[in-house]
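Here is a walk through a structure for someone meeting it for the first time. Keep the sequence and the 3D view at hand while reading.

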Amino acid sequence: MMPEVGTTAPTARLPRRLGAVAAEPRLRRYGAERFEPAWLSLWALAIGRDTGETLAWLLAADNLPRAMLMAGALTSHPAERDGALVLEGGGPPTLSQFERWWLWERLARPRRWALRVMPATLRPVEFPLWLGYAPGRPGRHARLIVLSGLSGEALGALKPAVLAGLRDRARAEAANGRPSTRDDERVPG
Amino acid sequence: MGAFTWWDTAVLIVYVVGIAWVGARFGKDQESTQDYFLGGRKIPGWAIGLSVMATQASAITFIGAPGWGFEGGLERLATFINVPLAMAVLIVVLVPIFHRAGIYSIYELLERRFGALTRSLAALLFLIARGLATGVVLYAPALVLSVVTGWDVNLTIVLMAVIAVSYTVLGGISAVIWTDVIQMFVLWLGAILSMVLMVSSLPGGWGDVFAYGAASGMFDTIDLSLDPTVTYSLWAGLIGGVVMHVAYFGTDQSQIQRVLTSPSIAEGQRSLLIGGYLLVPQMLLFLFIGVMLAAYYQQHGLTAPDNLNELFPRYVVNAFPVGVTGLVIAGVFAAAMSSLDSALNSLSAVTVRDFYARYVRPDADEKHYLKASRWATIFWGLYATAFAFFAGNLGPVIEAVNRIGSWFYGALLGTFLLAVLSHRSNGRGAVSGIIVGMAAVWAVSQTDVSWLYQNFVGLIVSVVVGYAVSLTAPAPSAAQLSDVVIDETAPDMQAILKGRSDGAAEIGRDARLTRRRCLGLILWFFVSLAALGLLQAWANG
């Protein structure tokens, strides 16, 4: 069971290191013709030594098949409205789920055996993304490209979560009869 | 010159200890800052690519390919000329799906798609095939050690196995990208130096090499024969070789693991891209050294050793300057350790993840799994050692590895393609496809048909039988197809994406990165083929 201290912590945002100007050509290379910024809510749990030193973070949600691994400190700032799309990534995975993910990571790369998950560090975070849209044409479906706002890499592993978030959001909007309040501004440039 | 001196021994020890120290000293820092994803990457792409090459095949290439070239000239390149095409297929078809599925072992995808039996069967085939191939990889440095020291090769096999298993159990040395890069440069330095020394020892220099190669038909790379019993025809290389390499790089956990652990699809594709461009020139280089060795032996009236795998190590020991011999032999050792480490590690990981934690102890704690993984490493070390004793009888080591893979890979690839491309196939069909596909491979192996075609036969039979048998059982559920059906193609998602796209900012001109990458590989294939065709045309007047 996850400790209360983590799940009640306020949501923080990871820094968006990749701006629109840098994201645009990357998305274009993947065939996108339109794009917008987004945030995906995930759960972060620290990986570190028994001494308490934090070395990396696992980022996951209960409906993702695998955790993402992020090296170094989790630099974040409080979530503020910036007009970007905010998507729900899913609920917090259990501690045993995090431990199992970490076990598989270590089996793949045994050097990491000395590091442990640190249960008390669980916190919600919002992960910066750039969403690219490749339009549908006759005989071809419209495609979504998910780009990390941290590194600029395409993150296919997050695509199911992003699509699920978009679907949930569309359903909520349909039920409310109005658009969500957190994506009412367009991305610059 | 002429022997492995104390200086060489000192260089070898310093190099191997130095590599191990660098790995132990910098490995952790590197993993925490560079190897993980989402952060800024500081290691250049070319270094990562060379690291990929180093862990893939450098040691057995160094030892096996010259013997192969000595025996058959450049015709054996037909086995590898297809690698750019195979990488293009992987980049387009399999890598995006593996990445999106978020899996740690590729056999996990088969369980989600077809059920536990298919996963277990595929993982078992991987363990058997990779375990045998690891025996060959173990044999290669043991042979070098035997040539250098004069010790019996069976003794050096045991010695190398103990060292390799110890390295792996203690955490491995393969994680440090820069040490892999150094190894690659050392091996290439050894290759280029050997070419220079051989040419300078021939009265006519390069002219003698090309004249001997042309006269002996060693530059006849492209054999257009449609006869399926011609082992290294262009068609065998294209039809069977593409299947073999797609399967080897795409369904063998020890190879695809690096792609699965890469942070993004693009990065996974990049590592395959490097292999796609560099593997053929590297093979050409070492096969050409084999041709040069043949000319050298003929001109000097020497008799080749019975075991052609010893050919190049013997030449290095006899011809290289003192100290450089030690350096190059050390490079072979370090590269072999890197390959062995990653092979033993993936064997252990699949054993624990796909079998032990799946069936035997699903809820054990991590310390227990760590202990289990170490015992698994030791088991696979013993298994590989047992097979290594026979590896010398299998001919050139590089062909031995590919022949072993050919027994299994075609049927395995067929199952993955069924999983990905056919939404009607199911577990019953997949298992039937694997079994009948392998039986077909066995039947073909009893004939004179080129072993390269075995992969193709295994693929076709497993796909056809797999699909046909699938029709006798219910179609898979939507949940079973979730990893292979692209979510955004559903009509409601298309409407949602269109809605969001209409409101999003515009980017501009369309340019497809993946398509461009694949076009580059296909172009590279034709350039390589044309170059070899020109060489052949020149050699035949």
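The paragraphs below go from the chains to single helices and residues.

The model is predicted. Begin with chain A. Its 189 residues include 54% that count as buried. Chain A has four helices and eight strands. Read from the N terminus, the order of its elements is α-β-α-β-β-β-β-β-α-β-β-α. Among contacts in chain A with a separation of 6 or more, 70% join residues 24 or more positions apart.

Now turn to chain B. Its secondary structure consists of 19 helices and one strand. Chain B has 541 residues, and 61% of them are buried. For chain B, residues 24 or more positions apart supply 84% of the contacts with a separation of 6 or more.

Where do the two chains come together in this tour? One place is at A:Arg66, whose side chain reaches the backbone oxygen of B:Ile103 at 2.5 Å. A:Arg66 sits in the loop between β3 (54-60) and β4 (68-71) of chain A. Is A:Arg66 buried or exposed? Its relative accessible area is 14%. The cut-off for buried is under 20%, so A:Arg66 counts as buried.

Next comes helix α4 of chain B, which covers residues 106-114. Eight of the nine residues of α4(B) are buried, so the helix is largely enclosed by the rest of the structure. The buried ones are B:Ile106, B:Tyr107, B:Glu108, B:Leu109, B:Leu110, B:Glu111, B:Arg113 and B:Phe114. Just after α4(B), B:Gly115 has a positive phi of about 115°.

How do two packed helices get described? Take α4(B) and helix α15 (residues 397-421) of chain B. Their axes come within 10 Å and cross at roughly 55°. The two helices are therefore oblique to each other. The crossing of α4(B) past α15(B) is left-handed. On the α4(B) side, the contact is made by B:Ile106, B:Tyr107, B:Leu109, B:Leu110, B:Arg113 and B:Phe114. On the α15(B) side stand B:Thr415, B:Phe416, B:Leu418 and B:Ala419. Sorted by class, this contact of α4(B) with α15(B) has eight nonpolar, one polar and one charged residues.

Move on to B:Ala129, in helix α5 (residues 116-149) of chain B. With a relative accessible area of 2%, B:Ala129 is buried. Which residues does B:Ala129 contact, leaving aside its neighbours within four places in sequence? They are B:Ile404 and B:Phe408. B:Ala129 and B:Tyr409 are 280 residues apart in sequence, yet their C-alpha atoms are 8.6 Å apart in space.

Helix α16 (residues 427-445) and helix α17 (residues 452-470) belong to chain B, and their axes come within 7 Å. The axes cross at roughly 145°. This crossing of α16(B) and α17(B) is right-handed. From α16(B), the residues in contact include B:Gly429, B:Gly433, B:Val436, B:Gly437 and B:Ala440. Among their partners in α17(B) are B:Val457, B:Gly458, B:Val461, B:Val465 and B:Gly466. By class, the contact of α16(B) with α17(B) counts nine nonpolar, 10 polar and one charged residues.

Terms used: Residues are numbered from 1 along each chain as its sequence is written. Chains are lettered from A and ligands numbered from 1 in the order in which they are written. This is a predicted model: local features need pLDDT of at least 70, side-chain atom pairs count only at pLDDT 80 or more; totals for chains, interfaces and linings use all residues. Side-chain values use heavy atoms; hydrogens and water are left out. Axes are lines fitted to C-alpha atoms, for helices over the stretch in contact, and angles run from 0 to 180 degrees between N-to-C directions. Angles under 35 degrees count as roughly parallel, over 145 as roughly antiparallel, 65 to 115 as roughly perpendicular and the rest as oblique. A crossing is left-handed if the near helix is turned anticlockwise from the far one by less than a right angle, and right-handed if clockwise. Contact means heavy atoms within 4.5 Å. Ala, Val, Leu, Ile, Met, Phe, Trp, Tyr, Cys and Pro count as nonpolar, Asp, Glu, Lys and Arg as charged, and the others, Gly among them, as polar. Buried means under 20% relative accessible area, exposed over 50%, partly exposed in between (1.4 Å probe, protein chains only). A polar contact is a pair of N or O atoms within 3.5 Å; within protein, one must be able to donate a hydrogen and the other to accept it, and residues adjacent in sequence count only if both atoms are side-chain atoms.
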